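User: I have a model open and would like to go through it with you. Can we start with the covalent links?
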Amino acid sequence: QVQLVESGGGLVQAGGSLRLSCAASGRTFSSTTMGWFRQAPGKEREFVAGIGWIGGRTLYADSVKGRFTISRDNAKNTVYLQMNSLKPEDTGVHYCAGTRRVGVPNEVDDYGYWGQGTQVTVSS
């Protein structure tokens, strides 16, 4: 069982930065692919970024590529999402998720572990 708790969300002006953290507990974190998703009001949950078991492979949604960086520290059981050059369309509840599937999937249904979410609001 992997339990995930996000933190670091908040209100920021367009062009600003935030760093989200996801603290994981459980025995299998190091063999778990991790991802970040976001959900805006009235919208479907969408993939933002993912990182493989050892951090060597990453995947980003086109909308955030070049602005966001996902990383992980297995020794600390923590995943991060550094968000720079934030835009109003980045607004939404951001969720940390985990999966034991091979590779870095980008589908909600591929992830079985979810955090409670942390709100990110970007003002224009």
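Analyst: One note before that: the model is predicted. It holds 1 disulfide.

User: Which residues does the disulfide join?
Analyst: Cys 22 and Cys 96, with an S to S distance of 2.1 Å.

User: Where in the chain do Cys 22 and Cys 96 sit?
Analyst: Cys 22 is in strand β3 and Cys 96 is in strand β9, which covers residues 92-99. The two cysteines are 74 residues apart, so the pair links distant parts of the chain.

User: Left-handed or right-handed?
Analyst: Left-handed, with -80° about the S-S bond.

User: Are those cysteines buried or exposed?
Analyst: Cys 22 has a relative accessible area of 0% and is therefore buried, the cut-off being under 20%. Cys 96 also counts as buried, at 0% relative accessibility.

User: Back to β3. What sheet is that strand in?
Analyst: An open sheet of 4 strands, in the order β1-β3-β8-β7, with antiparallel pairing.

User: Which strands are at the edges, and what does that leave?
Analyst: β1 (3-7) and β7 (68-73). Each has a single partner strand, so one side of each has no neighbour in the sheet.

User: How much are neighbouring strands turned against each other?
Analyst: By 15° on average in this sheet, with direction ignored.

User: How many bridges join β3 to β8?
Analyst: There are 6 bridges between β3 (residues 18-25) and β8 (residues 78-83), and the two strands run antiparallel. As one of the pairs, Arg 19 in β3 has Gln 82 as its bridge partner in β8.

User: Which side chains of β11 are buried?
Analyst: Thr 118, Val 120 and Val 122, which point to one face.

Methods:
Residues numbered from 1 in each chain as written. Predicted model: local features only at pLDDT ≥ 70, side-chain atom pairs only at ≥ 80, totals over all residues. Heavy atoms only, no water. Pairing = 2+ DSSP bridges. Axes fitted to C-alpha atoms, helices over the stretch in contact; angles between N-to-C directions. Disulfide = S-S within 2.5 Å. Buried < 20%, exposed > 50% of the residue type's maximum accessible area, 1.4 Å probe, protein only.
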